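Here is a short tour of a protein fold, written to be read with the structure open beside you.

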Amino acid sequence: MTDSEYMQQALSLAKRAKGVTSPNPCVGAVVVKDGIIVGQGYHRKAGGPHAEVEALDDAGSNAAGATLYVTLEPCHHFGKTPPCTHKIVGSNIKKVVVGCKDPNPFVGGGGMRFLEENGIEVVSGILEEEAKTLIEDFIWYVGNDKKPFVILKAASTLDGRTATRTGDSKWITGSASRAFVHQIRHETDAILIGSGTLHSDNPSLTARIEGVETRDPARIILDTHLTIKEKRPGPDPGIQGPNHYCHPHPCPTGKKSPS
Ligand SMILES: [Zn+2]
């Protein structure tokens, strides 16, 4: 197998946790020795082991003299976990192949330089575009003063309308596009609608994917005129993910908005 093929495997591993590692990016890693994958792993959630640690632990003593393929430059700072660079050096890895450089200006990078200074051969830019696309939300977030990466989702008919002539808006899309919507919900931290959508459609805004333990986004509802009554059922309060009701004025009754 080629460098690109091993990196493709690392990218596939990273995708397993796409959207559920927030605020961290999803990352995958593969350890290869003598043409055989001897270890692999991915970052499963924030606060948990990074992909490199998972893969190196999976490889055990086979990591010595092996090549590590990782979709993102290994971290070189103390966060919730120690720097992966130290773990890589300690595992006697011979070569590290990186998908894309760490875009995070808040931690300063330096991972690849540290590895090279410790005698490890480093190659970067393998499947770089794929690696960047996979974490485009993270790249935007850290590169734009922590502004959120926003996705506009709109379903429309071929003539550009959002409902049929009879007002039916529920089934103007197909099963493939509806499945895609649930994938987006699963991969995002929050979903925002206006109160008009709540009143007309009362959507659950949950992520439902067969065979996948999904994560529901927090629900944000813009309600300029305080039209949502406290007892309105709205999105089911029993499902995971909080509801946030946003309006520009204090409540006239002095009460807090339902939350
Ligand atoms: Zn790390």
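Which residues does valine 70 touch, not counting residues up to four places away in sequence? In this predicted model, the list for valine 70 is Ala10, Val27, Ala29, Ala51, Glu52, Val96, Val98 and Gly99. To place these contacts, let us look at the sheet and the helices on it.

**The sheet**

The sheet is open and has five strands in the order S2-S1-S3-S4-S5, with mixed pairing. S2 and S5 (121–124) stand at the edges with a single partner strand each, so one side of each is left without a neighbour in the sheet. On average, neighbouring strands here are turned by 15° against each other, direction ignored.

S1 has antiparallel partners in S2 and in S3:

| Pair | Residues of the partner | Bridges |
|---|---|---|
| S1 and S2 | S2: residues 36–42 | six bridges |
| S1 and S3 | S3: residues 67–72 | four bridges |

Valine 30 is a handy landmark: it stands opposite glutamine 40 in S2, while its bridge partner in S3 is tyrosine 69. S1 and S2 form a hairpin with two residues between them. In that turn, aspartate 34 has a positive phi of about 50°.

**The helices on the sheet**

Helix H1 (residues 3–15) lies across S1, S2, S3 and S4 (95–100), and runs at about 140° to S1. Helix H2 (residues 51–59) also packs on the sheet, where it touches S1, S2 and S3. The direction of H2 makes about 140° with that of S2.

**The nonpolar core**

In soluble globular proteins, nonpolar side chains tend to be buried together. The largest nonpolar core of this protein has 41 residues. Those that touch the most other members are Ala10, Ala14, Ala29, Val31, Leu68, Tyr69 and Val70. So which elements give two or more residues to this core? They are H1, S1, H2, S3, H3 (84–90), S4, H4 (111–117) and H5 (128–134). H1 provides the largest share, six residues.

**The protein as a whole**

Stepping back, the protein has eight helices and eight strands. Of its 259 residues, 30% count as buried. Among contacts with a separation of 6 or more, 62% are between residues 24 or more positions apart.

Definitions and conventions. Residues are numbered from 1 along each chain as its sequence is written. This is a predicted model: local features need pLDDT of at least 70, side-chain atom pairs count only at pLDDT 80 or more; totals for chains, interfaces and linings use all residues. Two strands pair if DSSP finds at least two bridges between them. Axes are lines fitted to C-alpha atoms, for helices over the stretch in contact, and angles run from 0 to 180 degrees between N-to-C directions. Two residues are in contact if their C-beta atoms, placed from the backbone, lie within 7 Å. A residue is buried if 20 or more other C-beta atoms lie within 10 Å of its own, exposed if 12 or fewer, and partly exposed in between; C-beta atoms are placed from the backbone. A nonpolar core is a set of buried Ala, Val, Leu, Ile, Met, Phe, Trp, Tyr and Cys residues joined through C-beta atoms within 7 Å.
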